[in-house]
Amino acid sequence: MKFDTDLYLNAAASWLPEVVPLRDAVAQGLVDAEHQNLGYESIAIADGLSGPELAVRAGRLAVQRSGIDPQDVGLVLHSSCGFQGHEMWPTASYVANETVGAAAAGFDLQQRCNAGLGSLCLAAGYIATGFTPAVLLTSGDNFAAPWVDRWNVQLNLIFADGGSALVLSERPGFARLVSACLGAENSLERWNRGLEPFATTPGQEIPLRLRERGMQHAVTPEAEGSWERYQNVLMATTEQALADAGVSTAEIARVAMPLIHRGESPENYELLGFTEKQSTWDIGRHVGHIGAGDQFLGLEHLVEEGSVSPGDLVLLVAAGAGFSYSAAVVEILDVPAWS
């Protein structure tokens with residue numbers, strides 16, 4: 001998707017709790033052998049702070065950094081992967097009220113780990129059509145026990161707690177949104193559903209058994225060719241974002257991808273033609289996978305570390321169970337004061 005309206009990233013922010021060395025969790029018998037060898041060195045774990053509270057901390061920081069008047073933020077899109085502190089509760093309304101005020105429309109997005117970057121694509125459309133001059137995007141999750149065994153619940157990752165945020169507007173910022181694209185392969189949704197019948201009340205499965213659900217589906221005929229379908233749409237979504245931006249992979253300086261890791265080749269960034277050094281795994285290995293907010297966290301990290309300079313192009317890529325995909329190209333315009 002190309003944009004007729006110039007759209008800018010005014011700030012990126014995150015709020016992460018203290019990290020726990022992986023070796024400490026291993027010593028406590030919390031991490032199985034498979035997850036000890038993924039490449040993570042430590043994991044961010046919040047003590048008592050819910051996902052929405054983490055999102056608010058990141059959101060407030062992003063708004064402060066942006067210099068945007070909170071009254072100009074007419075929409076808040078809040079993304080999450082898990083429990084948000086209360087059942088049947090509009091999390092986004094709380095996040096909006098606590099960051100930019102009572103008047104901004106707040107909507108929750110729960111398309112798993114693709115929700116954050118996916119919300120950037122949605123926000124671009126709302127600004128381009130004149131709905132609002134600025135949008136605040138937030139994410140926040142706490143993957144606490146006993147609801148989820150963060151260490152072993154899913155393949156190729158260890159879940160971390162944290163909040164992240166991004167401000168997108170018509171006003172010039174530290175980066176320009178060049179293109180964005182959404183993709184989907186809905187035939188893969190059963191990998192996270194398994195074969196159990198639908199429940200009608202929550203709390204039937206504590207802790208979550210995501211890997212077991214995947215194992216149930218893996219032996220069905222419908223699962224055949226899943227990896228190829230996953231790769232095809234991931235590649236197609238990314239290639240479309242690059243094509244809309246009029247650039248090639250060779251012109252991309254850095255790539256912010258989900259902070260998941262196989263611990264062996266090929267990693268996701270390798271599938272797309274990038275090296276580990278070009279990726280944001282340097283922060284991922286130290287904090288873990290914060291779910292929907294990895295790309296906002298990764299972009300903030302690149303800017304704060306001075307890893308990108310004006311004129312550099314950064315590719316943001318996300319994939320979430322379902323499966324849905326997002327990709328965006330941003331051009332760094334300036335070194336922001338908050339970096």
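**Ground rules.** I am working with a predicted model, in which local features need pLDDT of at least 70 and side-chain atom pairs count only at pLDDT 80 or more, while totals for chains, interfaces and linings use all residues. Residues are numbered from 1 along each chain as its sequence is written, and side-chain values use heavy atoms, with hydrogens and water left out.

**Entry 1: the sheet.** I looked up the strand order first. Strands here are DSSP runs of E with at least two residues, helices are runs of H or I with at least four residues, and both are numbered from the N terminus. Two strands pair if DSSP finds at least two bridges between them. The order in this open sheet of 9 strands is β5-β4-β6-β7-β1-β8-β11-β10-β9, and the pairing is mixed. Which strands stand at the edges? They are β5 (105-109) and β9 (254-256), each with a single partner strand, so one side of each has no neighbour in the sheet.

**Entry 2: pairs of strands.** As background, strands of a sheet pair through backbone hydrogen bonds, either parallel or antiparallel. I found both senses here. Strand β4 (residues 73-79) pairs with β5 in the parallel sense over 5 bridges, and leucine 77 has phenylalanine 107 in β5 as its bridge partner. Strand β1 (residues 8-15) is antiparallel to β7 (residues 162-169), with 7 bridges. Alanine 11 stands opposite valine 167 in β7, and tryptophan 15 stands opposite glycine 163 in β7. β1 also pairs in the antiparallel sense with β8 (residues 175-184), over 2 bridges; the partner of tyrosine 8 in β8 is arginine 176. β6 and β7 run antiparallel and are joined by 8 bridges. Leucine 136 also stands opposite valine 167 in β7.

**Entry 3: burial of two strands.** Buried means under 20% relative accessible area, exposed means over 50%, and partly exposed is in between (1.4 Å probe, protein chains only). In β1, 7 of the 8 residues are buried, so the rest of the structure largely encloses this strand. In β7 the count is 8 of the 8 residues. I checked both faces of β7: Gly162, Ser164, Leu166 and Leu168 are buried on one side, and Gly163, Ala165, Val167 and Ser169 on the other.

**Entry 4: helices α2 and α3.** Contact means heavy atoms within 4.5 Å. The axes of α2 and α3 come within 9 Å and cross at roughly 35 degrees. Among the residues making the contact are Pro52 and Val56 of α2 and Tyr94 and Val95 of α3. Which residues of α3 (residues 91-99) are buried? I listed Thr91, Ala92, Val95, Ala96 and Thr99. They cover an arc of only 130 degrees around the axis, which puts them on the same side of α3; the arc is that of the directions from the helix axis to the C-beta atoms. These buried residues pack against α2, β4, β5 and β6. Glycine 101 follows α3 and has a positive phi, near 115 degrees.

**Entry 5: helix α4.** I compared its length with the expected span, which is 1.5 Å times one less than the number of residues. The 14 residues of α4 (residues 115-128) should span 20 Å, and the end C-alpha atoms are 20 Å apart, which agrees. In α4, 10 of the 14 residues are buried, so this helix is largely enclosed by the rest of the structure. Leu117, Leu120 and Ile127 are among them. Glycine 130 follows α4, with a positive phi near 90 degrees.

**Entry 6: serine 80.** I found serine 80 in the loop between β4 and α3. Is serine 80 buried or exposed? At 2% relative accessibility, serine 80 counts as buried. Leaving aside neighbours within four places in sequence, its contacts are Leu109, Gln110, Arg112, Gly140, Asp141 and Ala292.

Technical notes. Axes are lines fitted to C-alpha atoms, for helices over the stretch in contact, and angles run from 0 to 180 degrees between N-to-C directions.
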